[in-house]
Amino acid sequence: MEKDDIWGRIFAKEREMLAQAKSDILGSGDFLPVNRLAQHFNIRAETLTPALVKWEADNRIFSIEHEGCSLFPCYAFSIEPTLSPYPELKGILSILSPTKSSWSVAFWFFSPNGMLGGKRPRDLVSTDASRVSLAAKHEVDGVTHG
């Protein structure tokens, strides 16, 4: 087998895995467009849209793009006392965003994480954000050897 053929197979497998991961995230119900996010939280889309724009500009929330539409993670919001992103999310995003695309951030939140005992960061961001933040630092720092 030639070297080019091996690399071609590797790249094809990577594309297949990426497509499956995107499909899993889109099918999870975790990410919603503005109108469905507004329905989910029982507020008006006209009220939510400018808030999302501001929060995203302030790195308090992130979105992924799919078929020309911005989708937002519903797990990132608290409704107490009013709807807003969890405050700790900004710190987590400030760690991940400089080195990861929005889709990569979504993959990271969706994937089981060894630093979190196999739990997904999305499941702990509301209850144990300090551990999620530590896991994000570990993700960005990568493997270090002494």
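**View 1. N59, a partly exposed loop residue.** At a relative accessibility of 25%, N59 counts as partly exposed. The model shown here and in the other views is predicted. N59 sits in the loop between helix 3 (45-57) and strand 2 (64-66). Its phi is near 60 degrees. That is a positive value, and N59 is not a glycine.

View 2. E67 lies in the loop between strand 2 and strand 3 (69-73). Phi of E67 is positive too, at about 50 degrees. E67 is not a glycine either. Its relative accessibility is 74%. Exposed means over 50%, so E67 counts as exposed.

**View 3. The cis peptide bond between E80 and P81.** Look at the bond that joins E80 and P81. This peptide bond is cis, with omega about -10 degrees. P81 belongs to the loop between strand 4 (77-78) and strand 5.

**View 4. S84, a buried strand residue.** S84 is found in strand 5 (residues 84-85). The relative accessible area of S84 is 18%. Buried means under 20%, so S84 counts as buried. Now set aside its neighbours within four places in sequence. S84 is then in contact with W55, R60, A76, F77 and S78.

**View 5. The buried face of helix 4.** Five residues are to be found here: L89, I92, L93, I95 and L96 are buried in helix 4. Look down the axis of this helix: its buried residues fall within an arc of 155 degrees. They therefore line one face of helix 4. What covers these buried residues includes helix 5 and helix 7 (129-141).

**View 6. Helix 4 crossing helix 5.** Two packed helices are described by the angle between their axes and the distance between the axes. Here are both values for helix 4 (residues 87-96) and helix 5 (residues 102-110). Their axes come within 11 Å. They cross at roughly 120 degrees. Helix 4 and helix 5 are therefore oblique to each other. Their crossing is right-handed.

**View 7. The contact of helix 4 with helix 5.** From helix 4 come L89, I92, L93 and L96. They meet V105, W108 and F109 in helix 5. What kinds of residues make up the contact of helix 4 with helix 5: nonpolar, polar or charged? Seven are nonpolar, none is polar and none is charged. L89, I92, L93 and L96 also count among the buried residues of helix 4.

Note on methods
Residues numbered from 1 in each chain as written. Predicted model: local features only at pLDDT ≥ 70, side-chain atom pairs only at ≥ 80, totals over all residues. Heavy atoms only, no water. Axes fitted to C-alpha atoms, helices over the stretch in contact; angles between N-to-C directions. Helix = DSSP H or I, 4+ residues; strand = E, 2+ residues; numbered from the N terminus. Parallel < 35°, antiparallel > 145°, perpendicular 65-115°, else oblique. Left-handed = near helix turned anticlockwise from the far one by under 90°. Contact = heavy atoms within 4.5 Å. Nonpolar A, V, L, I, M, F, W, Y, C, P; charged D, E, K, R; others polar. Buried < 20%, exposed > 50% of the residue type's maximum accessible area, 1.4 Å probe, protein only. Arc of directions from axis to C-beta.
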